[in-house]
Amino acid sequence: MRDDPRVTRLGRLLRRLSLDELPQLWSVLKGDMSLVGPRPPLQEEWARFEPWQRRKLSVKPGITCLWQVSGRSDIRDFSEWVRLDLDYIERWTLWLDIKILFATGAVVARSRGAY
């Protein structure tokens, strides 16, 4: 939600700079997540997945993904978000992961698509 009244100024800054993602590095170190991969769904999202959307759960979730470098919060259509995840799964290569990591750095530096 844009201009969420529950979010403090500090929280907005952390979100805009994507610093709120740093705790997820612990999940990467534990092996629960990867650096690149589909974002993990919220439990209420997962419960509403259509059968074709569940395929995104076939790989380990990641901190960054095609969704983040393709528009982040500007992509409001959940089906489009899932299509980007499935495209990532179908086209996966180490080179694609490297490109996404570099693109993520550029997107975060410009605060593109972040609230």
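A nonpolar core is a set of buried Ala, Val, Leu, Ile, Met, Phe, Trp, Tyr and Cys residues joined through side-chain atoms within 4.5 Å, where buried means under 20% relative accessible area, exposed over 50% and partly exposed in between (1.4 Å probe, protein chains only). The model here is predicted, so local features need pLDDT of at least 70 and side-chain atom pairs count only at pLDDT 80 or more, while totals for chains, interfaces and linings use all residues. Residues are numbered from 1 along each chain as its sequence is written, and side-chain values use heavy atoms, with hydrogens and water left out. Helices (H or I, at least four residues) and strands (E, at least two) are DSSP runs, numbered from the N terminus.

**Nonpolar core**

- The largest nonpolar core has 15 residues, and those touching the most other members are L66, W67, V69, L84, Y88 and I100.
- At least two residues of this core come from each of α4 (66–69), α5 (78–91) and α6 (94–110), and α5 gives the most, with six.
- I100 is in contact (heavy atoms within 4.5 Å) with V36, T64, C65, L66, V69 and Y88, leaving aside neighbours within four places in sequence.
- As general background, nonpolar side chains tend to be buried together in soluble globular proteins.

**Nonpolar surface patch**

- L10, L13, L14, L17, L19, L22, L25, L35 and L101 make a nonpolar surface patch of about 730 Å².
- Patches are made of residues with over 30% relative accessible area and no salt bridge, with like charges joined within 9 Å and nonpolar side chains (Val, Leu, Ile, Met, Phe, Trp, Tyr) within 5 Å; accessible areas come from the Shrake-Rupley method with a 1.4 Å probe, and for residues only the protein chains shown count as cover.
- Helix α1 (residues 9–16) supplies the largest share of the patch, three residues, while L22 sits in the loop between α1 and α2 (24–30).

**Salt bridges**

- The whole structure holds four salt bridges, each a side-chain nitrogen of Lys or Arg within 4 Å of a carboxyl oxygen of Asp or Glu.
- E90 pairs with R55, their closest N and O atoms being 3.2 Å apart; this links helix α5 to the loop between α3 (43–47) and β2 (62–64), across 35 residues.
- E90 is exposed at 56% relative accessible area, whereas R55 is partly exposed at 38%.
- D85 and K56 meet in a salt bridge at 2.5 Å, N to O; D85 lies in helix α5 and K56 in the loop between α3 and β2, so the pair ties together parts 29 residues apart in sequence.
- Both D85 and K56 are buried.
- R91 and D87 form a salt bridge at 3.2 Å, N to O, and because they are four residues apart in helix α5, about one helical turn separates them.

**Aromatic pairs**

- Rings of Phe, Tyr and Trp (its six-membered ring) pair if their centres lie within 6.5 Å; planes under 30 degrees apart count as stacked, over 60 as edge-to-face and the rest as tilted.
- That rule gives three aromatic pairs.
- F49 and F78 have ring centres 5.5 Å apart and planes at 40 degrees, so this pair is tilted; F49 is in the loop between α3 and β2 and F78 in helix α5, 29 residues apart.
- F49 is buried at 5% relative accessibility, and F78 is partly exposed at 25%.
- F78 and W81 have ring centres 5.9 Å apart and planes at 70 degrees, so this pair is edge-to-face.
- One aromatic cluster is formed by F49, W67, F78 and W81.
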